[in-house]
Amino acid sequence: MSESLVLAETRGRVALLTLNRPKALNALNDALMNELGEALLKYDADDSVGVIVITGSEKAFAAGADITAMKDWSYMDVYRSDFITRNWETLRRVRKPVIAAVAGYALGGGCELAMMCDIVIAADTAKFGQPEIKLGLIPGSGGTQRLPRAVGKAKAMDLVLTARTMDAAEAERSGLVSRVVAADKLLDEALEAATIIAGMSLPSVLMAKESVNRAYESSLAEGVLFERRVFHSLFATEDKTEGTTAFVEKRKPDFKHR
Ligand code: CAA
């Protein structure tokens with residue numbers, strides 16, 4: 001039996017998914033993306049999980065889509081099979097927070113995968129870039145759209161057109177990553193952040209994620225209105241009663257995630 005391309009385990013209310021194609025620097029082929037999508041949907045539906053962490057190896061989070069596979073594909077192959085949309089967009093359907101814990105290369109589709117996550121925690125060894133132009137291509141999984149939203153047009157153009165990579169410090173300065181940590185602390189920090197979030201009320205967490213994401217899809221007035229409606233709806237949850245009562249009683253809340 002062939003080894004899984006995505007290793008999955010749970011630690012308390014956190015699911016940890018490890019991309020497992022280290023010899024190919026976690027190049028994202030169809031088999032791996034299918035397995036990742038299945039695991040994401042499984043944990044998104046699992047009430048005992050609150051947060052999902054995706055990580056890679058020390059050397060590479062992921063060095064992009066699989067160039068060896070793409071080499072032989074024609075226009076009609078990718079158009080008819082809807083390459084990328086067919087199995088890369090699953091991550092966008094996940095309602096629970098997803099944290100990318102990135103060490104080493106996050107290039108091309110690897111950078112795009114990280115940008116599709118909600119929080120990016122980078123090791124000081126991380127390198128981000130969209131070097132597809134060197135292959136006679138352009139980013140194909142949202143890189144030309146999410147990168148400018150994250151780092152601004154000036155830096156996005158620089159990265160996409162020159163194919164240069166950005167180290168972890170530059171990525172943090174530019175707003176691409178949430179925090180940078182020492183490489184040997186990466187997983188601990190990512191799991192700690194995940195555990196903190198997983199301890200919050202799940203309805204609040206889902207609605208907070210949905211509301212922040214709205215900022216990218218709507219005007220300020222519409223986004224604020226969306227937030228207001230979601231905020232009001234949380235007054236119907238048991239966890240809101242528990243959270244506010246616990247504060248007043250000076251104790252830790254015991255959220256039931258409903
Ligand atoms: N696809 C397929 N195989 C890859 C790969 C990729 N994206 N990246 C690395 N590999 C393979 C290499 O072919 C090599 O395999 P072999 O040992 O069988 O020869 C192995 O991983 C190790 O790679 P290197 O020997 O190249 O390692 P290095 O340390 O010298 O260089 C690197 C590391 C700079 C990341 C280099 O591997 C590289 O440039 N990789 C490609 C990066 C890239 O162009 N990514 C964009 C892909 S296109 C894309 O992602 C489209 C999209 O938007 C979705």
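Is lysine 250 buried or exposed? Lysine 250 counts as exposed, at 77% relative accessibility. Here buried means under 20% relative accessible area, exposed over 50%, and partly exposed in between (1.4 Å probe, protein chains only).

This is a predicted model: local features need pLDDT of at least 70, side-chain atom pairs count only at pLDDT 80 or more, and totals for chains, interfaces and linings use all residues. Residues are numbered from 1 along each chain as its sequence is written, and side-chain values use heavy atoms, leaving out hydrogens and water.

Lysine 250 follows helix H13 (238–248). Its phi is positive, about 55°, although it is not a glycine. Aspartate 82, also not a glycine, has a positive phi near 55°. Aspartate 82 lies in the loop between helix H3 (75–80) and helix H4 (85–88). Helices are DSSP runs (H or I, at least four residues), numbered from the N terminus. Aspartate 82 is partly exposed, at 38%.

The whole structure holds 3 aromatic pairs. Rings of Phe, Tyr and Trp (its six-membered ring) pair if their centres lie within 6.5 Å; planes under 30 degrees apart are stacked, over 60 edge-to-face, the rest tilted. Two of the pairs are tabulated.

| Pair | Centre distance | Plane angle | Class |
|---|---|---|---|
| tyrosine 75 and tyrosine 79 | 5.6 Å | 10° | stacked |
| phenylalanine 231 and phenylalanine 235 | 5.2 Å | 75° | edge-to-face |

Tyrosine 75 and tyrosine 79 are 4 residues apart in helix H3, so about one helical turn separates them. Tyrosine 75 is exposed at 56%. Tyrosine 79 is exposed at 54%.

Charges also meet rings. The charged end of arginine 214 sits over the ring of phenylalanine 226, 4.1 Å from its centre. This requires NZ of Lys or CZ of Arg within 6 Å of the ring centre and within 35 degrees of the ring normal.

Key:
Helix = DSSP H or I, 4+ residues; strand = E, 2+ residues; numbered from the N terminus.
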